[in-house]
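Hello,

Here is the structure for your set. My notes on it follow below.

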Amino acid sequence: MNDEITKVPQYKWSKIIKSLDDNKCAICNSTTKLNSHHIKERHEYPELSDVLENGITLCYNCHYAIHGGSFNPIGGANNSLSIEQNTISNLVNEYQENRIIFTCESEILNTYKSKATQLGYTSLNAFIKDAVNEKIERS
């Protein structure tokens, strides 16, 4: 995980995780039966239970697979995948290492969302990623 952490009240954690992932499974892009998964499990790391960097959105089937069940994604872009538990765990860990949590005031967030929509972006994350990459390329 990043050196910086973002804690939120536990009752808000699940909803925020799903929002950060654009209400899609981070593995198969499904938008149904979504779960917020603690990457480092709550019973082993209770101090991370309210940390946003320790969360990922998974559909029911991907969540089941990461806990040892068979992988059978509900749908989305990768719905023909056949993945074993250790592979899905590696995908989740890679996702966690590359995730950036961006926090700001609601007014600023709404301005960014509006700009992203005006420019044809389907997600705020894609807009921010492109803006950061463009800034890096110019420097």
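Does lysine 33 count as buried or exposed? At 62% relative accessibility, lysine 33 counts as exposed (over 50% relative accessible area with a 1.4 Å probe, protein chains only; buried is under 20%, partly exposed in between).

This is a predicted model, in which local features need pLDDT of at least 70, side-chain atom pairs count only at pLDDT 80 or more, and totals for chains, interfaces and linings use all residues. Residues are numbered from 1 along each chain as its sequence is written, and side-chain values use heavy atoms, with hydrogens and water left out.

Confidence: the chain has an average pLDDT (the predictor's confidence in each residue, from 0 to 100) of 77, and 74% of the residues score at least 70. Over residues 75-82 the pLDDT is below 50. Where pLDDT is low, the predicted coordinates should not be read in detail.

Helices (H or I, at least four residues) and strands (E, at least two) are DSSP runs, numbered from the N terminus.

Backbone: lysine 33 has a positive phi of about 50° without being a glycine, and lies in the loop between H1 and S1. Aspartate 22 is in the loop between H1 (10-20) and S1 too, with phi near 55°. Aspartate 22 is partly exposed, at 29% relative accessible area.

Regards

Definitions and conventions:
Contact = heavy atoms within 4.5 Å.
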